[in-house]
Amino acid sequence: MESCIITSPLGFTKIVGDEDGISSITVLNSKEKVSDIIPEVLEDCAIQLNGYFEGSRQTFDLKLNPQGTDFQKRVWKALETIPFGKTVSYLKLSQQLGDVKAIRAVASANGKNPLWIIIPCHRVIGSNGNLTGYAGGLHRKKWLLEHESPHKQLSLF
């Protein structure tokens with residue numbers, strides 16, 4: 001497994017993967033040394049993430065290899081269908097997966113998503129429109145949703 005650290009507007013980001021695909025992307029809560037050299041198998045991921053943060057990329061074209069249970073993988077696949085700039089509720093996601101009673105399990109699988117941003121778990125919100133739990137912190141979820149919003153708030157200053 002190869003790994004590297006890149007910077008993003010939301011903190012240091014660790015990318016892990018190999019020739020089988022990207023297995024993990026996490027935002028770190030500590031200051032880390034940025035990688036001087038990005039392993040070849042991770043270069044495209046780093047480039048695409050930078051494009052996302054710069055605003056020039058809305059989708060990703062990467063070979064992914066997240067590790068999880070079959071149920072988690074089903075939830076993560078469903079998350080990939082949420083379009084850029086859109087949100088869905090945990091309830092709607094549970095319905096989409098065919099079991100409204102699985103809402104807690106869906107929320108748990110969402111929280112265990114190992115591929116930050118690429119599998120857009122930040123696009124899932126509460127039924128009442130509130131931002132709810134986010135492994136990277138609600139301030140990051142808010143930033144990501146605002147970054148993807150088609151309605152940019154203009155500053156008065």
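Trainee: In this predicted model, does Ala109 count as buried or exposed, and at what relative accessibility?
Mentor: Ala109 lies in helix H4, and leaving out residues up to four places away in sequence, it touches Phe71, Gln72, Val75 and Trp76. Buried means under 20% relative accessible area. Ala109 therefore counts as buried, at a relative accessibility of 1%.

Trainee: Which residues of H4 are buried, and within what arc do they fall when seen down the axis of the helix?
Mentor: In H4, which spans residues 103–111, the buried residues are Val106, Ala109 and Asn110. Seen down the axis of H4, they line one face of the helix, because the arc that holds them is 105 degrees.

Trainee: How are H2 and H4 oriented to each other, and which residues of H4 make the contact?
Mentor: Two packed helices are described by the angle between their axes and the distance between the axes. The axes of H2 and H4 come within 9 Å and cross at roughly 80 degrees, and angles of 65 to 115 degrees count as roughly perpendicular, so H2 and H4 are roughly perpendicular to each other. On the side of H2 the contact is made by Phe71, Gln72, Val75, Trp76 and Leu79, and on the side of H4 by Ala105, Val106, Ala109 and Asn110.

Trainee: Which residue has a positive phi although it is not a glycine, and what is the value?
Mentor: The residue is found in the loop between H4 and E5, and at 1% relative accessibility it counts as buried. It is Ile117, with a phi of about 70 degrees.

Trainee: Where does Ile82 lie, and which residues is it in contact with once neighbours within four places in sequence are left aside?
Mentor: Ile82 lies in the loop between H2 and strand E4 (88–89), and it counts as buried at 4% relative accessibility. Ile82 and Asp20 are 62 residues apart in sequence and 24 Å apart in space, C-alpha to C-alpha. With those neighbours left aside, the contacts of Ile82 are Thr87, Val88, Pro120, Arg123 and Val124.

Trainee: What is the strand order of the open sheet, and which are its edge strands?
Mentor: The open sheet has three strands with antiparallel pairing, in the order E1-E2-E3. Neighbouring strands of this sheet are turned by 20 degrees against each other on average, direction ignored. Two strands pair on one side only, and these edge strands are strand E1 (2–8) and strand E3 (21–27).

Trainee: Over how many bridges do E2 and E3 pair, and what is the bridge partner of Ile15 in E3?
Mentor: A hairpin joins E2 to E3 through two residues, and the bridge partner of Gly17 in E3 is Ile22. Strand E2 (residues 11–18) and E3 pair in the antiparallel sense over six bridges, and the bridge partner of Ile15 in E3 is Ile25.

Trainee: How many of the seven residues of E3 are buried, and what angle does the direction of H1 make with that of E1?
Mentor: E3 is largely enclosed by the rest of the structure, because six of its seven residues are buried. Helix H1 (residues 40–54) packs on the sheet and touches E1, E2 and E3, and its direction makes an angle with that of E1 of about 15 degrees.

Trainee: At which residues does UniProt place the feature "domain: Methylguanine DNA methyltransferase ribonuclease-like", and how far apart are the end C-alpha atoms?
Mentor: The feature comes from an unreviewed UniProt entry, which places it at residues 6–65. Over residues 6–65 the chain is 25% helix and 30% strand, and the distance between the end C-alpha atoms is 20 Å.

Definitions and conventions: Residues numbered from 1 in each chain as written. Predicted model: local features only at pLDDT ≥ 70, side-chain atom pairs only at ≥ 80, totals over all residues. Heavy atoms only, no water. Buried < 20%, exposed > 50% of the residue type's maximum accessible area, 1.4 Å probe, protein only. Helix = DSSP H or I, 4+ residues; strand = E, 2+ residues; numbered from the N terminus. Arc of directions from axis to C-beta. Pairing = 2+ DSSP bridges. Axes fitted to C-alpha atoms, helices over the stretch in contact; angles between N-to-C directions. Contact = heavy atoms within 4.5 Å. Parallel < 35°, antiparallel > 145°, perpendicular 65-115°, else oblique. UniProt positions renumbered as here; feature names shortened; annotations may be inferred.
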